[in-house]
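Please look at the sequence and the model below, and keep both in view while reading. The paragraphs after them are meant to be followed with the structure open.

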Amino acid sequence: MVTIKVQNLIDFVAEVFAHSDSSPEEARRIATYLTTANLTGHDSHGVIRVPVYIRWKKMGSVVPDQTVDLVVDTPSLAVVDGKFGYGQTVTPQAVRIGIDKCKASGLAAVALRNAGHIGRVGDWAEMAAAEGLVSVHFVNAAGSLLVAPYGGVQKRLSTAPYCVGIPRLGQDPIVLDFATSIVAEGKVLVASRGGKKLPEGALIDADGTLSEDPSVLYGPYSAEGPRDHTKGSGAIRAFGDHKGSGLALICELLGGALTGTGATAPDRRFANGMLAIYIDPKVVDTSQFFDGEISRYVDFIRATRPVAGVDAVLIPGDPERKMRADRTKNGVPLPDDTWAAIVNTAREVGVSEVSIQRAVS
């Protein structure tokens, strides 16, 4: 395991993207969002993605420094085309449009199509919550067949994330953010690179056997080599049996089909689609009841007597806050295989050995 100081990691990852045709501003933005995912404990959406992003850029699947197109523009609704730009560049543009429309109208919806990998969806819920807005996000990944629907063994769904953000006065927002599969694909990636092992039965092979072996999804791979989910014989399982599978279908239809990105299919170019709905509580909550009721109910939930072996009952965001504080202070731990893959990518794009050594100093 290698532990990298937060600022060192941001600087190093930014240098990788700056050497791969991104502007300095975009390179630092991508690096900051990826590192933030690690800080919150979502290593699956963190810097482990660097080799994947650079590979996609070399393939032409993602385009640096894109400015979105506004395809539909009404007072409360927008359709935004990300033109396959990096998600960390085009998504904040789309979210800003939604925030501005919501503040003007009290309610807004934005359909983002053709975005590069948008990373941790909770980032965008937090961006809206920082402006005092509730947001709901349905996301899919066109071209990313990873998950078997309930009762099946073949890949038919993306991991289809779902996210809700709720602002709180003077406190961190409540953010619920999860893949509709037992694990996000990034967690399989982390496990394959020497990180945290997968939960029991997270994967299913073509013969119906449950597994925790990443090779079921990726096929045979070397320690530092690429991972290709099209090469494996099996799939990730949807969480919660028919419930998770059904929610994944809804995310595909709203985040994919409705936005114009397309529900996932084997012949589609990779892109995230996101349907986001924004609500201004100040417009709905004329009696100023909402925030106080949140506090009352959160306290009620946290006061639940825990089962044996559990220290306390938590709400969404509690583990992330604890992890962020720890890693901000002590640095971001990365498995040796993960760091080696990032360093190899850095060398491929021309980052110097001096910069590589500086990152771990």
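The model shown here is predicted, and its chain is divided into domain 1 (2-61 + 331-360), domain 2 (69-181 + 240-283) and domain 3 (183-237). The centres of domain 1 and domain 3, taken over C-alpha atoms, are separated by 22 Å, and the contact between these two domains takes 14 residues from domain 1 and 13 residues from domain 3. About 1000 Å² is buried between domain 1 and domain 3, and carbon and sulfur atoms give 60% of that area. On the side of domain 1, the residues that lose the most area to domain 3 are Ser44, Ile48 and Asp337, which together make up 41% of what that side buries.

Across the interface of domain 1 and domain 3 there is one salt bridge, and one residue pair is in polar contact, with both residues at pLDDT 80 or more. The elements that give two or more residues to the side of domain 1 touching domain 3 are helix H3 (50-59) and helix H12 (336-349), and of these H12 gives the most, with five residues. Sorted by class, that side of domain 1 has five nonpolar, five polar and four charged residues.

Glu348 counts as exposed at 56% relative accessibility, and Lys58 counts as exposed at 52%.

Is Lys101 buried or exposed? With a relative accessibility of 11%, Lys101 counts as buried, because the cut-off for a buried residue is under 20% relative accessible area. A network of salt bridges is also present, and it links Arg96, Asp100, Lys103 and Glu131.

Helix H5 deserves a separate look. Six of the eight residues of H5 (residues 122-129) are buried, so this helix is largely enclosed by the rest of the structure. The buried residues of H5 are Gly122, Asp123, Trp124, Ala125, Ala128 and Ala129. Their cover includes helix H2 (24-39), helix H4 (87-105), strand S5 (134-142), strand S7 (162-168), strand S8 (171-178) and S12. Asp123, one of the buried residues of H5, forms a salt bridge with Arg120, in which the closest N and O atoms are 2.8 Å apart. Asp123 has a relative accessible area of 7% and is buried, and Arg120 is buried as well, with a relative accessible area of 6%.

Two loop residues complete the tour. Leu146 has its place in the loop between S5 and strand S6 (147-148), and with a relative accessible area of 3% it is buried. Which residues does Leu146 contact, leaving aside its neighbours within four places in sequence? They are Lys155, Leu157, Thr159, Glu185, Leu217, His229, Ala235 and Ile236. One of these contacts, Glu185, forms a salt bridge with Arg49, whose closest N and O atoms are 3.6 Å apart. The C-alpha atoms of Leu146 and Arg156 are separated by 6.9 Å, although the two residues are 10 residues apart along the chain.

Thr264 is found in the loop between helix H8 (242-258) and strand S12 (271-279), and it is buried, with a relative accessible area of 12%. Not counting residues up to four places away in sequence, Thr264 touches Asn140, Ala141, Ala142, Gly143, Ser144, Leu145, Arg156, Leu157, Ser158 and Glu252. Among these residues is Gly143, whose backbone nitrogen lies 3.1 Å from a polar atom of the side chain of Thr264.

Terms used. Residues are numbered from 1 along each chain as its sequence is written. This is a predicted model: local features need pLDDT of at least 70, side-chain atom pairs count only at pLDDT 80 or more; totals for chains, interfaces and linings use all residues. Side-chain values use heavy atoms; hydrogens and water are left out. Domain bounds come from an automatic or database domain assignment. Contact means heavy atoms within 4.5 Å. Buried area is the accessible area (1.4 Å probe) that two parts lose on being put together, summed over both. A salt bridge is a side-chain nitrogen of Lys or Arg within 4 Å of a carboxyl oxygen of Asp or Glu. A polar contact is a pair of N or O atoms within 3.5 Å; within protein, one must be able to donate a hydrogen and the other to accept it, and residues adjacent in sequence count only if both atoms are side-chain atoms. Helices (H or I, at least four residues) and strands (E, at least two) are DSSP runs, numbered from the N terminus. Ala, Val, Leu, Ile, Met, Phe, Trp, Tyr, Cys and Pro count as nonpolar, Asp, Glu, Lys and Arg as charged, and the others, Gly among them, as polar. Buried means under 20% relative accessible area, exposed over 50%, partly exposed in between (1.4 Å probe, protein chains only).
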